[in-house]
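Here is a short report on a protein–ligand complex. The sequence and model come first, then the notes.

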Amino acid sequence: MAIETARGAALDLHDLGKSYGGLKVLEGVNLNVAPGEFITFLGPSGSGKTTTLNLIAGFAAPDPGGRMQLDGRSLAEVPAHKRDIGVVFQNYALFPHMTVRENIAYPLKQRRPRPDRATIERRVEQVLTLVHLEAYGDRRPDQLSGGQQQRVALARAVVFEPKLLLLDEPLGALDKRLRESLQLELRRIHRELGVTIIFVTHDQDEALTLSDRIVVFREGAVEQIGTPAELYNNPGSEFVATFLGDSNIFTGTVDAGRFVRPGVDARFAPLATVANGSVTIMVRPENVTVSADGAGADNAVPVTIEDVVFSGATLRAEGVDAAGTQLIARTRADAAVPPVGSRAWFCWDGAATRVVSAGRAK
Ligand SMILES: Nc1ncnc2c1ncn2[C@@H]1O[C@H](COP(=O)(O)OP(=O)(O)OP(=O)(O)O)[C@@H](O)[C@H]1O
């Protein structure tokens with residue numbers, strides 16, 4: 001049976017903030033979400049992800065001055081149950097005494113005007129098919145696995161064809177394998193429904209896998225917004241560089257384009273366009289090679305090899321430099337890496353260096 005698709009909604013957040021008892025927990029959030037986009041909120045615990053979601057859902061009111069619009073319409077005066085937004089939270093329980101079908105039908109039965117019985121039955125069967133639970137409609141939640149329960153919650157959130165779906169760590173309680181298979185399901189459902197999704201997680205891999213764009217939260221503010229590739233390849237700060245993927249970070253100073261790291265006798269490619277002052281640079285481990293003498297490389301840092309781990313496709317070599325900084329190189333599995341305890345050089349091309357923060361010019 002064909003799914004009745006609803007085009008996703010556009011969502012605009014402007015200068016959104018939230019205080020609790022004089023304490024600001026969210027400040028200056030600006031975000032424009034395109035119809036049908038899959039947006040992930042990523043950030044450490046307490047960074048404001050759920051608070052932002054609660055404001056969008058209407059479970060809490062923003063501080064004065066902030067604005068939210070869904071398809072150009074202000075949400076300010078619209079109560080939560082009239083926003084037409086589907087919600088799945090991690091601990092958003094199903095009704096235990098109802099069957100799967102009754103749980104999914106519930107939001108439709110609450111709607112005014114209430115759809116007729118045939119429409120409700122048809123929609124319930126459609127979303128049961130969508131989440132691959134056709135055979136489970138008559139079970140009660142306690143007769144389902146955790147993953148199946150989350151799929152019922154998802155079915156219940158999309159049954160009334162919302163144009164925006166808010167998912168707060170919906171896969172958080174599941175084990176890794178189930179989580180990964182539900183991530184794929186979620187991608188498929190997103191494609192089939194065309195609904196706009198905002199997905200909250202603190203799992204970077206999940207964010208990279210699922211999203212059209214990622215919003216990185218830090219201490220109640222937006223740190224950076226971009227596609228997974230943009231954030232991974234060009235992090236705007238050390239925080240984003242270290243939060244998304246493994247990274248090697250070097251702090252030092254730039255003087256007339258020359259990067260100097262105090263206490264480390266290393267070779268760094270010139271940072272021609274960077275102003276004099278303190279600078280933090282980053283290189284991803286997969287761009288680092290391990291060499292016995294460092295000859296010929298744009299960048300070469302002497303290290304003591306601390307560990308070498310074989311992971312099938314790659315070797316992960318860990319080293320420590322003279323300043324005590326832990327460094328990682330991810331090389332081809334057949335690369336010749338000196339044994340643990342020996343001296344070696346971690347090398348990379350100048351083009352792989354990223355400046356993640358530059359201080360003010362002296
Ligand atoms: N009702 C409330 N009263 C007071 N402070 C609150 C309230 N709700 C949230 N906060 C505070 O707001 C901050 C942001 O919380 P929020 O739940 O948005 O973080 P989060 O990024 O979703 O974290 P997590 O990943 O742990 O869910 C936290 O410091 C939290 O303690």
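Which residues are around the ligand?

## Ligand shell

The residues around the ligand are Tyr20, Val25, Gly43, Ser45, Gly46, Ser47, Gly48, Lys49, Thr50, Thr51, His202 and Phe217. A residue is near a molecule if its C-beta atom, placed from the backbone, lies within 6 Å of it. By class, the shell has three nonpolar, eight polar and one charged residues. Here Ala, Val, Leu, Ile, Met, Phe, Trp, Tyr, Cys and Pro count as nonpolar, Asp, Glu, Lys and Arg as charged, and the others, Gly among them, as polar. Helix α1 (residues 49–57) gives the most to this shell, with three residues.

## Model and confidence

This is a predicted model: local features need pLDDT of at least 70, side-chain atom pairs count only at pLDDT 80 or more, and totals for chains, interfaces and linings use all residues. Residues are numbered from 1 along each chain as its sequence is written. The protein chain has a mean pLDDT of 91 (the predictor's confidence in each residue, from 0 to 100). In that chain, 97% of residues reach 70 or more. For the complex, the predictor gives an ipTM of 0.94 and a pTM of 0.89.

## Overall build

The protein chain has eight helices and 19 strands. Helices (H or I, at least four residues) and strands (E, at least two) are DSSP runs, numbered from the N terminus. The C-alpha atoms fill a box of roughly 75 × 50 × 35 Å, taken along the principal axes.

Of the 362 residues in the protein chain, 38% are buried. Buried means that 20 or more other C-beta atoms lie within 10 Å of the residue's own; exposed means 12 or fewer, and partly exposed is in between, with C-beta atoms placed from the backbone.

## Helix α1

How many of the nine residues of α1 are buried? Nine of nine are, so the helix is mostly covered by the burial count. Among them are Lys49, Thr50 and Thr51, which also belong to the ligand shell. Gly58 follows α1 and has a positive phi, near 90°.

## Six-stranded sheet

An open sheet of six strands runs in the order β6-β7-β8-β3-β9-β10, with mixed pairing. Its edge strands are β6 (85–89) and β10 (221–226), each pairing on one side only. Two strands pair if DSSP finds at least two bridges between them. Neighbouring strands are turned by 15° against each other on average, direction ignored.

Strand β9 (residues 213–218) pairs with β10 in the antiparallel sense over five bridges. Phe217 stands opposite Val222 in β10. Phe217 is also one of the residues around the ligand.

Strand β1 (residues 11–20) runs antiparallel to strand β2 (residues 23–33), joined by seven bridges. Leu11 has Val33 in β2 as its bridge partner. The two strands form a hairpin with two residues between them. Gly21 in the turn has a positive phi of about 55°.

β1 also runs antiparallel to strand β4 (residues 67–70), with four bridges. There, Asp12 stands opposite Gln69 in β4.

## Arg343

Arg343 lies in strand β18 (residues 343–348). Is Arg343 buried or exposed? Arg343 counts as exposed because it has 12 C-beta neighbours inside 10 Å. Its C-alpha atom is separated by 4.6 Å from that of Thr304, 39 residues apart along the chain.

Technical notes. Axes are lines fitted to C-alpha atoms, for helices over the stretch in contact, and angles run from 0 to 180 degrees between N-to-C directions.
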